[in-house]
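Please read them alongside the coordinates.

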Amino acid sequence: MSPSMKQAHHILKATFGYDNFRHHQANIIEALIDGRDVLTLMPTGGGKSICYQLPALIRRGTAIVVSPLIALMQDQVDALQQLGVSAAFLNSTQHASEQRAVEGELRSGRLKLLYMAPERLLNPYMLDMLERCEIALFAIDEAHCVSQWGHDFRKEYQQLSMLHERFPNVPRIGLTATADARTRSEIVHQLALEQADIFVNSFDRPNIHYTITEAGSGKEALWRFLTEQHATDAGVVYCLSRKGVETTAEWLNQKGRTALPYHAGLPQAVRSRNQQRFLREEGLIIVATIAFGMGIDKPDVRFVAHMNLPKNIESYYQETGRAGRDGLPADAWMSYGLQDVINLRLFIDQSDAEEQFKRVMLQKTDAMLGLCELTGCRRQALLAYFDEIISEPCGNCDNCLNPPQTWDGTIAAQKVLSCVYRTGERFGAQYVIDILTGKENERMHANGHDQLSTFAIGQEHKATEWRGIFRQLIAHGFLVADSEGYGVLKLTPKSWPLLKRDCTQLVKLRHLRKPESKQKKQKTIISNLSEQDQMLFEALRTLRSRLAKEQNVPPYVIFPDKTLNAMAVLRPSTDEEFLDISGVGKTKLERYGEPFLTLITNEDL
Ligand code: ADP
Ligand code: ZN
């Protein structure tokens, strides 16, 4: 091992409190220390920060960290200061005098890390100042923001390639959790990282349990999920519309949970207050549109729930990835229904985008629907979408633990298609279902549809079951929802063989599933604690909350849950034993050893 890597291992333990590097961390760190550029793609929670923080401590000078998210700089800097590292940020939330003080520290060379947004870095005044300082490295976080195709696009990111020209001898690292190949090559190109060492990790998040239910009423299903599995946990609930956000948050509050809304229509001050509370208080729920999310660094988000279908698998994976960054068990839960499937299509058809763009979008929604209607392992399918093959089913998704039953729905499908055909492809799902189940109404009389041969031929299924059947027929491409007619159902080329009964292929449909049995599910490590350890864990959590409040920092920058968990089980009683706990380094021992050790040794448990 080279001397600098020896030093890196030493710092990993002494400062960060960890015994081993994860994934490619060691290689990445070595490359940067040696002055090479790096591009790293790592899933959320993979441990990206250490990849630039540790080299910053070894190389001479200050590391400049570019991040688009000024709201989170404070927490990142708090976390570093808790580790005893000299770090600061520069952004518009600071007074001019504070900014001058930080600049002074930068010039003095005392700062190891300095965070700022790209627009500030690109400012000529700042560039001049940096040219007169010693720069250890540039870390470009959320590097996928250079991509014009993604919804996180920031045009300033595209100008960051100039760092390479202006500071040719300073190594740069681009970091992202966005996986697909197109984004990757855009990053390389836009940031001039052609010479960089590229490290791609597995994107699997084994601690996340995936569930996709086709529940009728999303809210009731959500409530059951919350009460049964996350009665006191923090989590995010994603809704499609601002209105959905407002009503769901209100509803959860009425039910006795603390839920805060977040969407782009709220004043900035409200948004940042709600985000701050979510980060700093325990057990809150954020109900949000996709406006909420990028860079949410809260490690103990225990669930991410989707009340609607996301537009594509990329968004779904990114959003669900915000659960369980600390590596402890977490849930990605989604509920969707017939209307979602119809809306998704309409949304694209009605947009003003160009035809070719629409086609790509449609392919993506089809893949998303495929994932929902899948009967096999969700994780295998998700990872396969990102070109990663895992050979075995995961054993930690709804389909693995509670395999869906299928039935031969060929006849049911024929009834549906025939009914759509006979009514002239002019009606929406509800109307057609009423005909199938023989539920007469005025409109049907007026149209003479109560006289059709398909009237009341579907009484073997309830209306809710028919909705499930319609949903699957749309998802499998036997029907489309027409945009001009606002959800009018039409036949497709795939419908005809089935209608004419000259198809040999069966239509396999899924039964509505019984709720997942809870015993089967992987238990959270925390709930696996013995009763006594659990009590100590709670006491440690209370102590942590108090200390966090005193310093006005989020609790997890003091210690993550994983570390408290280890303390509750291992019950260290000396400084040496305390240092052995993963996540405890020298500075944390100095600051917190006493109160935590006192609590652990005095607790009469
Ligand atoms: P990312 O930015 O990739 O989402 P972070 O850098 O926030 O992830 O790291 C996620 C968590 O993993 C943090 O709590 C971090 O301290 C922890 N971590 C990082 N590297 C290691 C390691 N080598 N050993 C143990 N824990 C680690
Ligand atoms: Zn699985």
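In which loop does Glu142 lie?

1. Glu142 is in the loop between strand E5 (135-140) and helix H8 (162-166). Helices here are DSSP runs of H or I with at least four residues, strands are runs of E with at least two, and both are numbered from the N terminus. The phi of Glu142 is near 55°, a positive value in a residue that is not glycine. Most residues other than glycine have a negative phi. With a relative accessible area of 15%, Glu142 is buried; the term means under 20% relative accessible area, with exposed meaning over 50% and partly exposed in between (1.4 Å probe, protein chains only).

2. On the basis of the note: this is a predicted model, in which local features need pLDDT of at least 70 and side-chain atom pairs count only at pLDDT 80 or more, while totals for chains, interfaces and linings use all residues. Residues are numbered from 1 along each chain as its sequence is written, chains are lettered from A and ligands numbered from 1 in the order in which they are written, and side-chain values use heavy atoms, with hydrogens and water left out.

3. His23 also calls for a look at its backbone: its phi is positive, about 45°, although it is not a glycine. His23 sits in the loop between H1 and helix H2 (25-33). Its relative accessible area is 52%, so His23 is exposed.

4. Helix H1 (residues 3-16) packs on helix H3 (residues 49-58) at an angle of about 110°, with the axes 10 Å apart. Axes are lines fitted to C-alpha atoms, for helices over the stretch in contact, and angles run from 0 to 180 degrees between N-to-C directions. H1 and H3 are therefore roughly perpendicular (65 to 115 degrees; under 35 is roughly parallel, over 145 roughly antiparallel, and the rest oblique). On the H1 side the contact (heavy atoms within 4.5 Å) involves Ser4, Gln7, Ala8, Ile11, Leu12, Thr15 and Phe16, and on the H3 side Ile50, Gln53, Leu54, Leu57 and Ile58. By class, these residues are 8 nonpolar, 4 polar and no charged. Ala, Val, Leu, Ile, Met, Phe, Trp, Tyr, Cys and Pro count as nonpolar, Asp, Glu, Lys and Arg as charged, and the others, Gly among them, as polar.

5. Helix H13 (residues 313-320) and helix H15 (residues 355-373) pack at about 55°, their axes 8 Å apart. That angle makes H13 oblique to H15. Ile313, Glu314 and Tyr316 of H13 meet Lys364, Ala367, Met368 and Leu371 of H15. This contact has 5 nonpolar, no polar and 2 charged residues.

6. Phe89, in strand E3 (residues 87-90), counts as buried at 9% relative accessibility. Residues up to four places away in sequence aside, Phe89 touches Met73, Gln74, Val77, Gln94, Val102, Leu114 and Tyr115.

7. Thr183 belongs to helix H9 (residues 181-190) and counts as buried at 8% relative accessibility. Not counting residues up to four places away in sequence, Thr183 touches His144, Ser147 and Thr178.

8. Val416 is placed in helix H18 (residues 410-422). Its relative accessibility is 0%, so Val416 counts as buried. Apart from neighbours within four places in sequence, Val416 contacts Leu436, Trp466, Ile469, Phe470, Leu473 and Leu479. The C-alpha atoms of Val416 and Ala177, 239 residues apart along the chain, are separated by 43 Å.
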